[in-house]
Amino acid sequence: MPVQIPDDSDFSSFKDQCLSADGWTSRYNKGGVTVWCRDQESSTVQKLKMRIVCKDVMAETLYDVLHDTSYRKKWDTNMIDTYDIGRLTVNADVGYYSWKCPSPLKNRDFVTMRSWLPLGNDFLIINYSVKHPQHPPKKDYVRAVSLLTGYLIQSNGAAGSTLYYLTQVDPRGSLPKWVVNRVSQFVAPKAMRKIYKASLKYPEWKRKHNPSLKPWMFPEQNTLPCISVSELTLQRADSLENIDESSVSEEKTNHSDDEET
């Protein structure tokens, strides 16, 4: 299927999903983090939404943190690797990301098209999975599929900002129910708090690491090779191998410290 770069209506729809309460069930509400779940009628893939109020962190800082791949390697301890593949437009690119799953589950990775839009006091970043001919699935990873994933950052003025994270990912594996529950109860809230803490430290870090380099804000700084949207196709989950990990018991897994509340 052809790949389309998101337009204003796509960003508007994503924002509406982040702010709407209709059809969402609260699964977690503790320590300033709220997690909601939505079971899709036409899909077996769960949709998750999270919100955290980030006191003393400006919306622009959160936006920079979520874009800055150099800094991500400092705070995202579940990440194995990430890199940019190429740029499509001034506000869209293609990138790779892989992350650690608790053993003995296999690690997952993505190739996604990401697009972003600063809109007044709002900042939006959204992505979905694509296929790139030079970045096929890897032997030691399960290629997961992002149906829609993204962030909405809203400015609260001098008080800080609010971060929403919405994701619908097909992990391409028949995962046991305890894994799904653990994501909403432990992994997701921890990830939101980690972004918040990383954002508090980012201004000082950035002052020492190419402080003027922000290609997501200044397209003329972007040195990625240009690629055409015609090189990409939509990543369909049914074209990927499905790994059956449903029999993995919770007792056999190694949980990292990052999953604790």
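Predicted model: local features only at pLDDT ≥ 70, side-chain atom pairs only at ≥ 80, totals over all residues.
Let me begin with a definition: a residue is called buried when its relative accessible area is under 20%, and exposed when that value is over 50%. With that cut-off in hand, buried residues account for 49% of the 261 residues in the chain.

Colleagues, I will start with the overall layout. The chain contains four helices and eleven strands. Of the contacts between residues at least 6 apart in sequence, 66% join residues at least 24 apart.

I turn to the first helix. Helix α1, residues 8-19, is twelve residues in length. From its first C-alpha to its last it reaches 17 Å, close to the 16 Å expected at 1.5 Å a residue. Its buried residues include Phe11, Phe14 and Cys18. Viewed down the axis of α1, the buried residues fall within an arc of 60°, so they line one face of the helix.

In α2, eight of the nine residues are buried, and the helix is mostly covered. The buried set consists of Ala59, Thr61, Leu62, Tyr63, Asp64, Val65, Leu66 and His67.

In soluble globular proteins, nonpolar side chains tend to be buried together. Here the largest nonpolar core has 31 residues, and within it Ile153 and Leu163 touch the most other members. At least two residues of this core come from each of β2, β3, α2 (59-67), α3 (69-75), β7, β9, β10 and α4 (177-207). The most is given by α4, with seven residues. As for isoleucine 153, and setting aside residues up to four places away in sequence, its contacts include Ala59, Leu62, Tyr63 and Leu66. Also among the residues that isoleucine 153 touches are Asn121, Asp122, Phe123, Ser161, Thr162 and Leu163.

Next, charged pairs. Side chains of opposite charge can pair when their charged atoms come close. The count of salt bridges comes to eight, and I will show three of them.

In one, the side chains of aspartate 109 and arginine 143 meet at 2.8 Å, N to O. This pair links distant parts of the chain, with aspartate 109 in strand β6 and arginine 143 in strand β8 (residues 142-143), 34 residues apart. Both aspartate 109 and arginine 143 are buried.

In another, arginine 172 and aspartate 170 form a salt bridge at 3.3 Å, N to O. Arginine 172 counts as buried because its relative accessibility is 10%, and aspartate 170 counts as buried because its value is 13%.

Is glutamate 204 buried or partly exposed? At 48% relative accessibility, glutamate 204 counts as partly exposed, whereas lysine 208, with a relative accessible area of 63%, is exposed.

On the cysteines I can be brief. The structure holds zero disulfides. Cysteine 37 counts as buried at 3% relative accessibility, and cysteine 101 counts as buried at 16%.

Finally, some loop positions. Glycine 32 sits in the loop between β1 (25-30) and β2 (33-38), and at 47% relative accessibility it counts as partly exposed. Beyond its neighbours within four places in sequence, glycine 32 is in contact with Arg51, Ile52 and Val53. The C-alpha atoms of glycine 32 and valine 53 are separated by 6.5 Å, while the two residues lie 21 residues apart along the chain.

Most residues other than glycine have a negative phi. Aspartate 56, which is not a glycine, has a positive phi of about 65°. Aspartate 56 is placed in the loop between β3 and α2 and is exposed, with a relative accessible area of 66%. Asparagine 210 also has a positive phi, near 45°. The loop between α4 and β11 (233-234) holds asparagine 210, which is exposed at a relative accessible area of 52%.

Thank you; I would be glad to take questions.

Terms used
Residues numbered from 1 in each chain as written. Heavy atoms only, no water. Expected span 1.5 Å × (residues − 1). Buried < 20%, exposed > 50% of the residue type's maximum accessible area, 1.4 Å probe, protein only. Arc of directions from axis to C-beta. Contact = heavy atoms within 4.5 Å. Salt bridge = Lys/Arg side-chain N within 4 Å of Asp/Glu carboxyl O. Core = buried A, V, L, I, M, F, W, Y, C linked by side-chain atoms within 4.5 Å. Disulfide = S-S within 2.5 Å.
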